[in-house]
Amino acid sequence: MLDKRLVIVSGKGGVGKSAISAGLALLAQRRGLRVLAVEMGSPGGLSQHFSTGPFEFKPREVKPGLHAMQMVRSQALLEYLSLQLRLPGMGRFGAFARAFDALATAAPAIREIITIGKVIWEVKEDRWDLVIADAPPTGQIGSYLRAPLSISELVPTGRIRQQSEMMQATLSDPDTTQLVLVNLPEELPTTETVETMEWLQREQLVAEPLVVTNRVLPRIADSPSSSGPVGEMAYLHRSLWSEQQEWLERIDDHLRIPYMFGVFTPGEVAARMSDELEAMQ
């Protein structure tokens with residue numbers, strides 16, 4: 001994953017995609033890469049795992065070589081109009097910008113391409129060795145990945161068409177972009193991950209996704225002599241482990257992150273996640 005320029009991390013809500021995004025960013029930073037971590041969806045996930053205050057649209061350095069930002073669609077739109085369409089001074093026209101933002105909210109694929117376009121623009125700017133996007137959940141990620149193609153189908157020619165084709169080419173380039181789907185060995189996350197993988201296979205918008213299954217329980221030996229609370233806890237662990245095996249057999253995953261016993265704060269989770277990912281490289 002660290003050999004790519006863009007890593008997009010998605011998964012069903014609650015599976016730990018922000019933790020894995022933060023862990024990857026910390027690992028890349030330790031290896032000396034210039035890293036930008038982007039909160040594409042709801043704010044708070046990455047900032048909690050980095051143990052910082054809320055992020056803003058402007059990237060902020062949270063560790064030497066590691067910057068982070070929060071996606072703000074209205075500001076991304078202003079930046080696009082100013083830089084990509086070469087319309088200077090757009091930041092001064094608040095009412096005009098709000099009108100464009102309202103249009104972007106209502107128009108098909110416009111909202112998504114503004115968001116994913118900002119992420120891709122940061123990759124193309126070459127300020128970073130690696131951009132890690134803590135993306136929207138799997139129920140929404142398809143519309144973001146398909147947005148460049150949707151715009152290309154709507155716009156026959158011109159700069160916007162060229163920009164959309166560039167974004168589409170970036171997302172589909174296996175040497176540049178890696179999509180990571182985070183899963184849990186449970187019924188709903190596994191079912192949604194399998195459905196997302198099947199959709200991606202049909203659409204061919206990105207290279208084969210890398211599936212990371214999080215919170216996998218280790219197997220413990222049977223101990224018939226255990227009794228009391230210890231025996232009950234061991235029985236519960238073995239029961240949960242057995243149930244996880246059923247769902248692990250239903251998905252073709254690439255990495256498995258162990259359940260992190262004794263880790264409580266988001267910052268501790270990200271640091272431990274970074275260590276686990278490093279051990280698997």
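Q: Which residue of β4 is the bridge partner of E39?
A: Strands here are DSSP E runs of at least two residues, helices are H or I runs of at least four, both numbered from the N terminus, and two strands pair if DSSP finds at least two bridges between them. In this case E39 has Q70 of β4 as its bridge partner. β2 (residues 35-39) and β4 pair in the parallel sense, over five bridges. Keep in mind that this is a predicted model: local features need pLDDT of at least 70, side-chain atom pairs count only at pLDDT 80 or more, and totals for chains, interfaces and linings use all residues. Residues are numbered from 1 along each chain as its sequence is written, and side-chain values use heavy atoms, with hydrogens and water left out.

Q: How many bridges join β3 to β4, and in which sense do they run?
A: β3 (residues 60-63) and β4 run antiparallel, joined by three bridges. Within β4, H67 is the bridge partner of E61. The hairpin of β3 and β4 has two residues between the strands, and G65 takes a positive phi near 90° there.

Q: Is β4 (residues 66-70) mostly covered or mostly open?
A: Buried means under 20% relative accessible area, exposed over 50%, partly exposed in between (1.4 Å probe, protein chains only). For β4, five of its five residues are buried, so by that definition each is under 20%. L66, A68 and Q70 point one way, H67 and M69 the other.
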